[in-house]
Every structure is written in C-alpha cells, then in structure tokens.
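Me: I have a structure open and would like to talk it through. Could we go over the fold, the helices and the core?

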Amino acid sequence: MAVPDDSASAARLFKALADPIRVQLVVLVRQSASGEACFCDLADEFDMPQSSLSHHLKILVNAGVLQRERRGTWSWYRLDHDVLDTMEQLLRPGGPLRDEPASRCD
C-alpha cells in the first residue's frame with residue numbers, strides 16, 4: 001500500500017482504527033499464532049451481536065487494514081502489513097502529516 005495521496009484516504013485509514021473494538025480486533029489478528037484469525041474465534045472474544053462485530057471487521061477490510069478470505073462457512077482475517085508501513089510513512093517526520101507547516105507566511 002502506498003502513502004495515500006489525498007486526505008480522504010488517510011482519514012479513512014485512521015478512522016478505521018479510531019474505535020477501541022477495531023483496535024482490539026487488529027491486535028487479536030496480529031497476535032494469533034498463525035497470523036490469521038477466524039471470525040468464530042474473534043466472536044468469542046466480544047460480548048456483542050455477530051452483526052456488530054461483522055460491521056467493525058468490514059470497516060477494517062474496506063480501509064485496507066485487514067484482508068478477508070472465505071473458507072466454507074467462516075471468514076478468516078489477516079493483517080495487511082503494508083498498512084503499518086503506510087501509517088509509519090504518514091506519521092514520520094517530514095512525511096505528509098509532519099509536525100511542521102508546509103509553508104510559512106511572513
């Protein structure tokens with residue numbers, strides 16, 4: 001994944017991670033021994049309807065944070081490691097979201 005070239009793409013990425021449930025989902029997928037997690041295992045970790053959990057996962061998939069693969073009845077999720085690189089590029093000093101202004105008015 002390349003650095004988003006517009007603010008809408010960057011905002012979608014950060015918005016996807018702006019919810020504690022979605023951050024927990026990313027952590028669970030990332031920490032799974034195989035590097036991927038089945039929806040059935042993720043659902044066991046949350047006290048919420050499956051439809052709500054599916055909604056959170058869909059947001060993460062649409063933002064490119066997770067990849068989804070159907071296997072029979074269940075969906076399996078894995079982290080798209082390129083998204084971590086993208087976030088690092090966005091936040092690094094001198095990157096698009098650098099901490100100093102792009103131009104200075106005198």
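Reply: The turns below go from the overall fold to single elements and residues.

Me: Before that, what kind of model is this?

Reply: This is a predicted model.

Me: How many helices and strands does the chain have?

Reply: The chain has five helices and three strands. Along the sequence they come in the pattern α-α-β-α-α-β-β-α.

Me: What percentage of the chain is buried?

Reply: The chain has 106 residues, of which 34% are buried. As for contacts between residues at least 6 apart in sequence, 56% of them join residues at least 24 apart.

Me: Let us turn to α2. How many residues does it have, and what is its reach?

Reply: Helix α2 runs over residues 20–31, which is 12 residues. From first C-alpha to last it reaches 16 Å, close to the 16 Å expected at 1.5 Å a residue.

Me: Which residues of α2 are buried?

Reply: Ile21, Arg22, Leu25, Val26 and Val29 are buried in α2. They are on the same side of α2 because they cover an arc of only 140° around the axis.

Me: And which are exposed on the other side?

Reply: Pro20, Arg30 and Gln31 are exposed on the other side of α2.

Me: What do the buried residues of α2 pack against?

Reply: Their packing partners are α1, β1 (36–38), α3 (39–44), α4 (50–62), β2 (66–71) and β3 (74–79).

Me: Which residue caps the N-terminal end of α2?

Reply: Asp19 caps that end of α2, with a side-chain oxygen 2.8 Å from the backbone nitrogen of Ile21. Asp19 and Ile21 are also among the contacts of His56, a list that leaves aside neighbours within four places in sequence.

Me: Where is His56, then?

Reply: His56 is in helix α4. With a relative accessible area of 12%, His56 is buried. Its contacts, again leaving aside neighbours within four places in sequence, include Arg22, Leu25 and Met48.

Me: Changing topic to the core: which residues touch the most other members?

Reply: The largest nonpolar core has 24 residues, and those touching the most other members are Leu25, Leu42, Leu53, Leu57, Leu60, Val65 and Leu66. At least two residues of this core come from each of α1, α2, α3, α4, β3 and α5 (81–91). The largest share, four residues, is supplied by α2.

Me: Why would such residues be found together?

Reply: Nonpolar side chains tend to be buried together in soluble globular proteins.

Me: What does Leu42 touch?

Reply: Not counting residues up to four places away in sequence, Leu42 touches Leu25, Leu28, Val29, Ala37, Leu53, Leu57 and Tyr77.

Me: Now the strands. In which sense do β2 and β3 pair?

Reply: β2 and β3 pair in the antiparallel sense, over six bridges.

Me: What about the hairpin, and which phi does Gly72 take?

Reply: The hairpin of β2 and β3 has two residues between the strands, and Gly72 takes a positive phi near 65° there.

Me: Is Val61 in a helix or a strand, and what does Val61 contact?

Reply: Val61 lies in helix α4. Apart from neighbours within four places in sequence, Val61 is in contact with Leu66, Arg68 and Tyr77. Val61 is partly exposed, with a relative accessible area of 24%. The C-alpha atoms of Val61 and Leu79 are 9.3 Å apart, and these two residues are 18 apart in sequence.

Me: Last topic, α5. Which of its residues are buried?

Reply: Val83, Thr86, Met87 and Leu90 are the buried residues of α5. They lie on the same side of α5, because the arc they cover around the axis is only 100°. These buried residues pack against α1 and β3.

Me: What does the side chain of Asp80 reach at the start of α5?

Reply: A side-chain oxygen of Asp80 reaches to within 3.0 Å of the backbone nitrogen of Asp82.

Methods
Residues are numbered from 1 along each chain as its sequence is written. This is a predicted model: local features need pLDDT of at least 70, side-chain atom pairs count only at pLDDT 80 or more; totals for chains, interfaces and linings use all residues. Side-chain values use heavy atoms; hydrogens and water are left out. The expected span of a helix is 1.5 Å times one less than its number of residues. Buried means under 20% relative accessible area, exposed over 50%, partly exposed in between (1.4 Å probe, protein chains only). The arc is that of the directions from the helix axis to the C-beta atoms. Contact means heavy atoms within 4.5 Å. A polar contact is a pair of N or O atoms within 3.5 Å; within protein, one must be able to donate a hydrogen and the other to accept it, and residues adjacent in sequence count only if both atoms are side-chain atoms. Two strands pair if DSSP finds at least two bridges between them. A nonpolar core is a set of buried Ala, Val, Leu, Ile, Met, Phe, Trp, Tyr and Cys residues joined through side-chain atoms within 4.5 Å.
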